[in-house]
Amino acid sequence: MQKNNPRKFDVVIVGAGVAGMYAVHRLRQMGLKVRAFEKGNDVGGTWYWNRYPGCRCDVESMEYSFSFDNDLQQEWHWPERYGTQPEILTYLKHVADRFDLRKDIEFGVSIKSAKFNSSDSLWTVGTEEGDIISAPYLIMATGNLSTPRKPNIPGIDGFRGAIYHTGLWPHEGVDFTGLRVGIIGTGSSGVQSIPIIASQAKQLFVFQRTANFSLPARNAPLDPAVETKHKAEYPERRRAAYDTPFGIAGYPPPTASALDVPEEERRQTYEQKWGQGGSISFLYSYNDLLLNDEANKTASDFVRDKIRSIVKDAKTAELLCPNDHPIGTKRLILDTNYYETYNLPHVKLVDIRSNPIREIVEDGIRTADAHYELDVIVFATGFDAMTGAMKEIDISTDKQQTIRHKWEYGPRSYLGIMMNGFPNLFMITGPQSPGVKSQMILSCEQHVDWIAQLLQYLEDKGLREAEPTRMAEDAWVDHNNEVANGTLYPKANSWYVGANIPGKPRVFMPYVGGVTAYKKKCDEVVAAGYEGITLK
Ligand code: N01
């Protein structure tokens, strides 16, 4: 397509994961001419790219699904308590088929640039392939954990064996049988894949810089009685989810402080939650686990003792005990047999905190004190989270604003949806929204519905532009920081603060005031005639 003859749409959507898919459906229903562009060759986003062994959602399958169509949620059957990546991807493909979404999505297309022109209130979007598209509205459904990052370790290109990143896993899978494998990283991706890789590999070396807390998922086939009951309650549960901190209903909110109950009673509570599996229920044991160090320590100590009781080698157990952050302040991991895996004779934990990786050599990894011969290296080293995907695209305006410059010292947004200086640009679950701290699909639906309502409002009033004021944005950023600083979250060196990316500004990015407070604020903004947003 020629530059001077762009294809024209009402809305351009970048990304066809959960957020982009629902945006296509919702906005198309309003009669808007919508086009989504997706780098992958099919829908699914996170669930399209992250195909590593053991990849599974840590939110229960009955919750982690779309709510916008009751027939869809009643008819779909989830086989297990937690969905595996293949099951979730199958579900998302089914949704794409059922609502005929693909006809408005172009696959295998990477968006390179987007520029707003104030004279005609249009975004002009350029693809890597040289195509040009224009639309008054641009929606970034680019995901929070969608830019995989490998650390820049010297010698990486000279390695003779195979290298994989969990977030860019080959579609045909990887067979580790008989191989010597090294895995770097012990976040959710590492912890989920380590037991499965260990079950195939001849030798597995886990290169751990920081130990993380992980709880048993207790995955199991979904009990038909649970499924029937949940489906009967679906409409009410979906509504109730908005009245909870994490957007997940069905867990009674805690009322007591961990410090107000006798030690034995507290231990029994943690024991019961550990037995049930799942992270929400565990974090809901007491109302101050994420607010008070002393309260948190009771839960952290409980899990550390569990690790010591499972892992037979005392030195390995101690290395696996997290001691640099309070439990829950990094994404709490759910696993199946993670700690047990270290009891296998061919699995070895390598402490790269005390003996850092010096280089990758052609036959393995060299640390400060040893040389590990490897056939395969798996990077489970995470993502340039929350801001990476937005900053990869050259987003600018004709008033010399760029996102890269605006976010130089950390992201700034109004409600995690819009930004001052960038009219008609929307993010779905952007920084300073609860997205990653909530049931993601619920948050995606809430954002898309909110944006749809705003676009309808503009259309009804014959307006062309919406842009948050600087004052409203500053106040929202300040509020986010204030809320985060009232919790224990900022104590952890997590991707929530960009700590996994060298040089990234340390700013606490997700909104941790909870889904209830957040949704209330979003609704109040609308009720007040889009308070904090200039409409013209
Ligand atoms: O990434 P991470 P992830 N040298 O950033 C290590 C979601 N998710 O892909 O802590 C050595 O958490 C790093 O060490 P350190 C979920 O929200 C969900 O595992 O920086 N090590 C850390 O151990 C999750 O939180 C699901 O010291 C290096 C690891 O790599 C998020 O995605 C499943 C290193 C990165 O951990 C990200 O998870 C999977 C270096 N240079 C993911 N650089 C579920 O739903 C980094 N590391 C279950």
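Q: What are the ground rules for reading the model?
A: The model is predicted: local features need pLDDT of at least 70, side-chain atom pairs count only at pLDDT 80 or more, and totals for chains, interfaces and linings use all residues. Residues are numbered from 1 along each chain as its sequence is written, and side-chain values use heavy atoms, with hydrogens and water left out.

Q: How many helices and strands does the protein have?
A: Helices (H or I, at least four residues) and strands (E, at least two) are DSSP runs, numbered from the N terminus. Here there are 17 helices and 24 strands.

Q: What does the radius of gyration say about the protein?
A: The radius is taken over C-alpha atoms, and the globule rule is 2.2 Å times the number of residues to the power 0.38. For 536 residues, a compact globule would come near 24 Å; the protein has 23 Å, which agrees. Its C-alpha atoms fill a box of roughly 70 × 55 × 45 Å along the principal axes.

Q: What share of the residues is buried?
A: Buried means under 20% relative accessible area, exposed over 50%, and partly exposed in between (1.4 Å probe, protein chains only). Of the 536 residues, 57% count as buried.

Q: Which share of contacts joins residues at least 24 apart?
A: A contact means heavy atoms within 4.5 Å. Among contacts between residues at least 6 apart in sequence, 71% join residues at least 24 apart.

Q: How many salt bridges does a search of the whole structure find?
A: A salt bridge is a side-chain nitrogen of Lys or Arg within 4 Å of a carboxyl oxygen of Asp or Glu. The search finds 39.

Q: Where in the chain do Arg-26 and Asp-449 lie?
A: Their side chains meet in a salt bridge, N to O at 2.8 Å. Arg-26 sits in helix α1 (residues 18-29) and Asp-449 in helix α15 (residues 440-461), so the pair links distant parts of the chain, 423 residues apart. Arg-26 counts as partly exposed because its relative accessibility is 22%. Asp-449 is also partly exposed, at 26%.

Q: Is Asp-384 buried or exposed?
A: Buried, at 13% relative accessibility. Asp-384 forms a salt bridge with Arg-149, N to O at 3.8 Å. The two are 235 residues apart: Asp-384 is in the loop between β20 (376-379) and α13 (388-392), Arg-149 in the loop between β10 (137-140) and β11 (162-165). Arg-149 is partly exposed, with a relative accessible area of 28%.
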